[in-house]
Amino acid sequence: MSDTAPSRNSKTDIGLTETEFVAILACLFAILAFSIDAMLPGIPAIAAELSPGNENRALLVVTSFALGMGVATLVAGPLSDAFGRKPVILAGGALYCAGAMWAALAPTLEMLLLARLVQGVGAAGPRVVALATVRDVYSGAKMARIMSLIFIIFSLFPAAAPAVGQLIIWGFGWRGIFGAFVIFAILTLIWMSIRLPETLPVASRRPFRLPVLWEGTRQLMADNTFCLIIVIQGFCFAMLFAVISAAQPMFDQTYGVVTMFPAWFAGMAILAGSASFVNATFVERMGMRFMVSSALVLQSTLAVFALMVWLFAGYDTTLSFAVFVVWCLAVFFQTGLTLGNLNAIALEPLGHLAGLASAVLASFATVFGVILAAGISQTFNGTPMPITLGILGCAVAAFTLMRVLGPEPATT
C-alpha cells in the first residue's frame, strides 16, 4: 500500500469521499458555533421584551447554552461508545431542536434560559460524538489532517453567524433565530443520516456502566496535573464566554456602533483563526506550557493597557475604540494558543483513559468557565471596564496556576 497522502476526493473506508466526510462533520460542529454567535445580535431585543430594566440578564442566553453543553459532554461520549455514534448524534439533535422550538415560544426569560439549557444538552451529542467519529475512521497523521480541514471550515461559521442572525432578526424577529437553528440542524442531520454510515461496529462497543465511569473519573481527579489543567482551562473558557456574552452590548452601549457589530465580529473571528497557525509554527520549538503562559501574559498586559487608556482617555475617542477591538481580538486569539495545548498537556500521560479524560476535562472546565463568565457578564455597566477587570483576574489566576504546574518536562 502506498504511503502517499490520498487526494481530497479519495474514498474513505466508509465509502464517502474525504470532501463529503469533512463537510458533514464540519456542519455538525457548526451547530455549536451557530447556536452561540447567531444569538448575539438578538440580545437587545430579548432584553427589551423579556427583561426590561435588567438587560444584563439577557446575556445569560449564551452561558445557559454553554452550561447545558458542558454538563452533557460528560456522558455523550460514553453513550456513543455503548450505543453507536449515529443514534447519540440523532438523539442529541432531536433534543437540540426541541429546546430551540421551546425557546422560540418562551414567554419569560427564565423559560428561555431553561430552553437554552436543554438546547445545549442536545448540542453535546453532535459536538462530542463528531470527534469520536473522526477517530473511528482515521488515525495518526491522517486524523490530524482531517481534523485540521474540519476546523478550517468550522472557523468560518463564527465569522458569519452574527450577520446571519442579524438578517433573520430583521425579517422575523429574535424568535426567528431559533427557527433557523432547527432548520440548519434538521438539514445537517438528514444529510448525515443518509450519507454517513455507522462508524462504530457493534463488536467494538463498550457497555455504559456508571461504576466504571466513576472509578475512571476518581483516578483522573487524583491526578494533580489533570486537576490543575481543568481549572486553568476553566479560566480560559470564562474569558472567552464573557467576551462573547458582552461583546454586542459593549459595541452598542459603549461605542454606539451596533449596526457594524456583525462586521467587526466577523473580522475578529477571522483574524483570531490565525492563532492555530501561530501555535503550529512555534509549539514544537517553544513547548506547550510556554505557549499557554505567553498567551496569558499577553492577555493580562493588553487588559491592563486597555484599562489605563479607558481610565485616562475615556471612551469617546478613536484610540479607545481601537484598543477595545484589539483587546477583544486578543481574548479570541488566546483561546487558539491555550485550549488545544492544555488538552494535550492533560491527556499526554493518560493514554489508558484518554476518552474519559477528554470528556471529564471538557465537561468540568466548561461548567466552571460558564459559571465564572455568567458572573462576569452580570457586572456590565455600559462600559468595558468591569468585563475587562474580570477577564484580567481570570488571566492572572490562570498564569499563576501555570507557574504551579511548572516548566515543560525534559524529554529524553
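How many residues does helix 5 have, and how far does helix 5 reach from its first C-alpha to its last? Keep in mind as we look that this is a predicted model. Helix 5 has 29 residues and spans 42 Å, close to the 42 Å expected at 1.5 Å a residue. Even so, follow helix 5 along and you will find a kink of about 25 degrees at Ala123, shortly before the proline Pro126.

Now turn to a partner of helix 5. Two packed helices are described by the angle between their axes and the distance between the axes. For helix 4 (residues 85-105) and helix 5 (residues 109-137), the axes come within 7 Å and cross at roughly 160 degrees. An angle over 145 degrees counts as roughly antiparallel, so helix 4 is roughly antiparallel to helix 5. Their crossing is left-handed. Sorted by class, the contact of helix 4 with helix 5 holds 17 nonpolar, seven polar and two charged residues.

Next, find helix 13 (residues 288-313) and helix 16 (residues 385-405), which pack at about 150 degrees with their axes 9 Å apart. By the cut-off of 145 degrees, helix 13 and helix 16 are therefore roughly antiparallel to each other. Helix 13 passes helix 16 in a left-handed crossing. Which residues of the two helices meet? From helix 13 they include Val292, Leu296, Ser300, Ala303, Leu307 and Trp310, and from helix 16 they include Leu389, Leu392, Val396, Phe399 and Met402. By class, the contact of helix 13 with helix 16 has 18 nonpolar, four polar and one charged residues.

Another pair meets at another angle. The axes of helix 1 (residues 18-37) and helix 7 (residues 156-172) come within 8 Å and cross at roughly 40 degrees. That makes helix 1 oblique to helix 7, and the crossing is right-handed. Here Ala30, Ala33, Phe34 and Asp37 of helix 1 touch Phe157, Pro158, Ala161, Pro162 and Val164 of helix 7. The residues of this contact divide into eight nonpolar, no polar and one charged.

Let us finish with helix 14 (residues 318-347). Helix 14 has 30 residues and reaches 44 Å from its first C-alpha to its last, close to the 44 Å expected at 1.5 Å a residue.

Note on methods: Residues are numbered from 1 along each chain as its sequence is written. This is a predicted model: local features need pLDDT of at least 70, side-chain atom pairs count only at pLDDT 80 or more; totals for chains, interfaces and linings use all residues. Side-chain values use heavy atoms; hydrogens and water are left out. Axes are lines fitted to C-alpha atoms, for helices over the stretch in contact, and angles run from 0 to 180 degrees between N-to-C directions. Helices (H or I, at least four residues) and strands (E, at least two) are DSSP runs, numbered from the N terminus. Angles under 35 degrees count as roughly parallel, over 145 as roughly antiparallel, 65 to 115 as roughly perpendicular and the rest as oblique. A crossing is left-handed if the near helix is turned anticlockwise from the far one by less than a right angle, and right-handed if clockwise. Ala, Val, Leu, Ile, Met, Phe, Trp, Tyr, Cys and Pro count as nonpolar, Asp, Glu, Lys and Arg as charged, and the others, Gly among them, as polar. The expected span of a helix is 1.5 Å times one less than its number of residues. Contact means heavy atoms within 4.5 Å. The bend at a residue is the angle between axes fitted to the seven residues ending there and the seven starting there.
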